Amino acid sequence: MTHVVTEACIRCKYTDCVDVCPVDCFREGPNFLTIDPDECIDCAVCIPECPVSAIYAEEDLPKDQLHMTELNAELAKLPTWKSITKRKAPLPDAEAWKDRTGKLGELIR
């Protein structure tokens, strides 16, 4: 099992989670973070750090977010999605997007 970043992260990209990750499994895209399932050790320290509750253990994913397991794995392998190991400022309009749902169409690969 691994941990999965859900749609809640899209257009927010808070990076509090990357500071606590002991294995640097987060990858950064233009408006989303993903977890590389080959690197994640299931330590769960990232879950409470996310201010929008976007990270779940794979077995705890809400049913409407099950598609995100495969998407995290796919995006983590893209050469343009680089490892992120230090916290950065969230996206400028993150506050406006943090409580929205159904954001998959907003994802920039």
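A44 sits in the loop between β3 (33-35) and β4 (55-57). Strands here are DSSP runs of E with at least two residues, and helices are runs of H or I with at least four, both numbered from the N terminus. The model is predicted: local features need pLDDT of at least 70, side-chain atom pairs count only at pLDDT 80 or more, and totals for chains, interfaces and linings use all residues. Residues are numbered from 1 along each chain as its sequence is written, and side-chain values use heavy atoms, leaving out hydrogens and water.

**Positive phi in the loop**

- A44 is not a glycine, yet its phi is positive, about 70 degrees.
- Its relative accessible area is 29%, so A44 is partly exposed (buried is under 20%, exposed is over 50%, partly exposed is in between; 1.4 Å probe, protein chains only).
- S53 also lies in the loop between β3 and β4.
- S53 has a positive phi near 50 degrees, and it is not a glycine either.
- S53 is partly exposed, at 47% relative accessibility.

**The nonpolar core**

- A nonpolar core is a set of buried Ala, Val, Leu, Ile, Met, Phe, Trp, Tyr and Cys residues joined through side-chain atoms within 4.5 Å.
- The largest one has 30 residues, and V5, F26, F32 and I55 have the most contacts inside it.
- Two or more residues of this core come from each of β1 (3-5), α1 (16-20), β3, α2 (67-76) and α3 (94-97).
- α2 gives the largest share, three residues.

**Around V5**

- Leaving aside residues up to four places away in sequence, V5 touches F26, F32, L33, T34, I35, A54, I55, M68 and N72 (contact means heavy atoms within 4.5 Å).
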